[in-house]
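Here is a friendly walk through one structure, with a stop at a loop, a pair of helices and some aromatic rings. Please have a look at the sequence and the model before reading on.

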Amino acid sequence: MSDNEVSQFGKRSLAANSVGVAHIVFFVVAAAAPMAAVVGATPPAFAFGNIGVPGAFILAGLLYLIFSAGFTAMARHVSSAGGFYAYISKGLGRPFGVAGAFLAMVTYFSIQIGVYAQVGVFARAALEPLGIGLPWWFWSLLVLAAVLWCGQRHIVFSGRLLGICMIAELLILSLFALGVVLSGGGSEGLTVAGLQPSDVFAPGLGVTLIFVVSAFIGFEATAIFGEEAAHPDRAIPRATVAAVIIITAFYAFVSWAVIQYYGSSAVAAKAGESMENFYIGAIAGVLGGWSTVAVNILLLTSLFACLLSFHNTLNRYFYALGRDGLLWAGLSSVHHANGSPHVAGRVQSILVAAVLIGFSLIGADPYAVVYAWTLAFAGIGILAVQVLVSISILSFFRTQRRGFSTMRVLIAPAVSGMALAAAFFQVSRNLPLLTGSESPIVTSFPVCIILIAVAGILIALHIRRTNPALYDRLDRTFAEATAET
């Protein structure tokens with residue numbers, strides 16, 4: 001980067017030593033959106049007749065803990081704002097790194113669009129009884145403006161705000177689950193329904209996996225804040241394991257509790273009757289009528305926290321790619337006071353607004369089309385990226401263990417890579433069930449994911465051939481951020 005570019009766009013370094021383990025965990029768990037994931041995402045899984053949702057969360061959690069073994073080992077050698085981009089490049093080379101970066105950006109951008117549409121729908125529904133009949137896209141854009149404002153602040157501000165939202169969500173859902181246990185469950189009492197292998201590996205598992213995997217989207221936020229973390233070699237592994245355990249245990253416990261409340265024989269029918277009131281009715285039945293208002297408010301704050309987390313994550317992808325020269329150099333500008341990638345935040349917010357307005361102009365249903373389709377696309381997109389990361393970890397440690405055991409850096413990544421690839425194919429086969437659409441656009445999602453990865457590889461190879469200086473500069477992110485032991 002030239003001196004003129006630095007002068008024009010401002011300083012290039014993020015705020016180092018700004019966040020600790022707790023802040024990073026807040027970002028990951030907030031991205032999982034506990035209230036939104038539980039109240040909005042698991043009812044469809046139950047409605048399809050598979051009551052093994054709690055066991056599926058445990059299964060996915062174990063898979064991601066295995067994935068984390070190699071992932072956190074590699075964190076000592078890659079502490080970059082590029083997240084998976086840096087990991088894949090370190091193990092498989094720059095062309096595959098660019099492919100991973102493109103996939104990650106499209107995935108997070110896609111899920112943002114869906115969640116903005118979702119928050120617009122819920123806000124419209126909450127305010128219509130008060131006589132405020134504005135369209136969903138108005139509320140979506142209003143929330144977008146608020147997210148942009150928060151994302152321009154110092155990273156610690158976002159971390160604290162996400163922490164408050166997350167604690168409130170976890171508290172009320174935990175009170176519900178504990179209330180079910182203390183009351184002895186519903187008419188069928190307390191059972192192990194939902195946790196048995198026969199419940200998990202039943203028809204509908206492919207659909208269930210889509211919703212379960214979506215709860216872990218945002219997983220890489222532990223690595224993406226490596227440049228801003230205090231002692232990243234210790235903070236990233238601890239935050240990763242803590243986040244996976246919290247997400248897994250919490251979602252499994254709450255989804256198991258709702259089965260106990262309704263009874264295993266009735267839970268699928270109850271979810272099918274009214275997905276919107278499935279959890280709200282159960283929580284009100286345990287905690288009382290006051291909780292209905294609280295749940296509706298926390299649902300909106302949950303979605304806001306989720307969007308803020310994804311906004312910060314995607315900002316850092318834009319920042320890293322701008323710094324490396326793959327995108328406009330101005331994206332790597334950092335605010336002189338807050339240390340935030342503020343230009344990247346403004347650019348991606350403009351892009352989100354343009355897409356949301358485009359959907360509104362063609363009259364797309366915000367929930368059945370915008371949310372459902374983008375969730376499906378993001379789900380298989382993140383699985384594809386995680387498969388690449390598993391392969392990259394294997395490649396990186398293949399000839400030199402660097403002080404780690406074979407189990408941690410070879411066997412664990414191999415197991416997680418094969419399992420994630422299987423999940424990718426299983427989810428891809430069930431996309432029409434998830435979206436409720438047989439549209440060729442939906443069925444083409446897996447092919448689109450593969451084509452995006454191939455495009456990234458071809459672009460990197462083109463840069464290597466036509467602009468060797470730029471291609472060589474791509475390694476700077478990794479070289480400067482690597483902490484060899």
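R402 sits in the loop that links α17 and α18 (406–429). Helices (H or I, at least four residues) and strands (E, at least two) are DSSP runs, numbered from the N terminus. This is a predicted model, in which local features need pLDDT of at least 70, side-chain atom pairs count only at pLDDT 80 or more, and totals for chains, interfaces and linings use all residues. Residues are numbered from 1 along each chain as its sequence is written, and side-chain values use heavy atoms, with hydrogens and water left out.

Let us stay with R402 for a moment. Its phi is near 55 degrees, a positive value in a residue other than glycine. As background, most residues other than glycine have a negative phi. R402 also lies over the face of F396, at 4.1 Å from the ring centre; a charge counts as sitting over a ring if NZ of Lys or CZ of Arg is within 6 Å of the ring centre and within 35 degrees of the ring normal. With a relative accessible area of 26%, R402 is partly exposed. Here buried means under 20% relative accessible area, exposed over 50%, and partly exposed in between (1.4 Å probe, protein chains only).

How do α6 and α17 run relative to each other? The axes of helix α6 (residues 94–127) and helix α17 (residues 366–397) come within 8 Å and cross at roughly 155 degrees. The axes are lines fitted to C-alpha atoms, for helices over the stretch in contact, and angles run from 0 to 180 degrees between N-to-C directions. The two helices, α6 and α17, are therefore roughly antiparallel to each other, a word kept for angles over 145 degrees. The crossing in which α6 passes α17 is left-handed, meaning that the near helix is turned anticlockwise from the far one by less than a right angle.

R94 lies in helix α6 and counts as buried at 17% relative accessibility. The C-alpha atoms of R94 and A460 are separated by 7.1 Å, although the two residues are 366 apart along the chain. R408 has its place in helix α18 and is partly exposed, at 26% relative accessibility. Between R408 and T72 there are 9.5 Å in space, C-alpha to C-alpha, and 336 residues in sequence.

Now for the rings. The whole structure contains 18 aromatic pairs. Rings of Phe, Tyr and Trp (its six-membered ring) pair if their centres lie within 6.5 Å; planes under 30 degrees apart count as stacked, over 60 as edge-to-face and the rest as tilted. Two of these pairs are set out below.

| Pair | Centre to centre | Angle between planes | Type |
|---|---|---|---|
| Y261 and Y262 | 5.0 Å | 85 degrees | edge-to-face |
| F424 and F425 | 5.5 Å | 85 degrees | edge-to-face |

Y261 is partly exposed at 27%, whereas Y262 is buried at 15%. F424 is buried, with a relative accessible area of 10%, while F425 is exposed, at 56%. Y261 and Y262 also belong to one aromatic cluster with F46, F278 and Y279.

Finally, the cysteines. How many disulfides does the structure hold? The number is zero, where a disulfide is a pair of cysteine sulfur atoms within 2.5 Å. C150 is buried at 6% relative accessibility, and C448 is partly exposed at 29%.

Notes:
Angles under 35 degrees count as roughly parallel, over 145 as roughly antiparallel, 65 to 115 as roughly perpendicular and the rest as oblique.
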